[in-house]
Amino acid sequence: MTDKKKHMDDQEIHETQSTPVDDGQTAADADRESLQSQLAEAQAKALEYKDGWQRSQAEFLNYKNRMARDNEMKYASMKGDIIKKVLPALDDLERALQNRPADDAWAGGIELIARKLQNILDAEGVKRIAAEGAVFDPNFHEAISHEPSDAVESGHVIAVVQNGYKLGERVIRPALVRVAQ
């Protein structure tokens, strides 16, 4: 209710109080009070419904965001699982390349296949974990032996037995390493 309207209502109330009251005015005042109380109730309900609607909208938006985040995490997990299944084939190709004969043409083909597979993994965001000579980190490395070494500091990786890979910040497979004592 605006101030002007309220001021006019206050004037009417004062006028009716100062003038003699007849039955017609008493009924009008009662009707007015009844209508004002109904209006106040309706406004309170409208505010309550608006608040409920706003809460529902916010809950729905949170639900949508949570579902999008969950779907993204599920997709990344599935992608990591599939890549984890392909990594042994890449390992086999790399081992074959380490022991290849110098003048065989098929060895060039195997090298090409290994390079293509590595390019596919790079395109998907899969990175090889750098391990050789690095400080042993159990989050990225899995030690298969601890060996004394004069050439490498204690707690550093001597050699990589099997390469490790990560997808974004998630480790798909830790690197199998030999660690200096």
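Q: Is Tyr63 buried, partly exposed or exposed in this predicted model, and what is the relative accessible area?
A: Buried means under 20% relative accessible area, and exposed means over 50%. Tyr63 falls in between, so the residue counts as partly exposed. The relative accessible area of Tyr63 is 41%.

Q: Which residues form a nonpolar patch on the surface with Tyr63?
A: Tyr63 lies in helix 2, which spans residues 23–98. The patch has about 290 Å² of accessible area together.

Q: Which strands stand at the edges of the open sheet?
A: Three strands form this sheet, in the order 2-6-3, with mixed pairing. Strand 2 (141–147) and strand 3 (157–162) each have a single partner strand, so one side of each is left without a neighbour in the sheet. The twist averages 30° from one strand to the next. The edge strands are strand 2 and strand 3.

Q: What is the bridge partner of His146 in strand 6?
A: Strands of a sheet pair through backbone hydrogen bonds, either parallel or antiparallel. Strand 2 and strand 6 (residues 175–180) pair in the parallel sense, over six bridges. In strand 6, His146 is partnered by Val179.

Q: Which residue takes a positive phi in the hairpin of strand 4 and strand 5?
A: Strand 4 (residues 165–167) and strand 5 (residues 170–173) pair in the antiparallel sense over three bridges. Tyr165 has Arg173 as its bridge partner in strand 5. Two residues sit between the strands of this hairpin. The positive phi, near 70°, belongs to Gly168.

Definitions and conventions. Residues are numbered from 1 along each chain as its sequence is written. This is a predicted model: local features need pLDDT of at least 70, side-chain atom pairs count only at pLDDT 80 or more; totals for chains, interfaces and linings use all residues. Side-chain values use heavy atoms; hydrogens and water are left out. Patches are made of residues with over 30% relative accessible area and no salt bridge: like charges are joined within 9 Å, nonpolar side chains (Val, Leu, Ile, Met, Phe, Trp, Tyr) within 5 Å. Accessible areas come from the Shrake-Rupley method with a 1.4 Å probe; for residues, only the protein chains shown count as cover. A salt bridge is a side-chain nitrogen of Lys or Arg within 4 Å of a carboxyl oxygen of Asp or Glu. Helices (H or I, at least four residues) and strands (E, at least two) are DSSP runs, numbered from the N terminus. Buried means under 20% relative accessible area, exposed over 50%, partly exposed in between (1.4 Å probe, protein chains only). Two strands pair if DSSP finds at least two bridges between them. Axes are lines fitted to C-alpha atoms, for helices over the stretch in contact, and angles run from 0 to 180 degrees between N-to-C directions.
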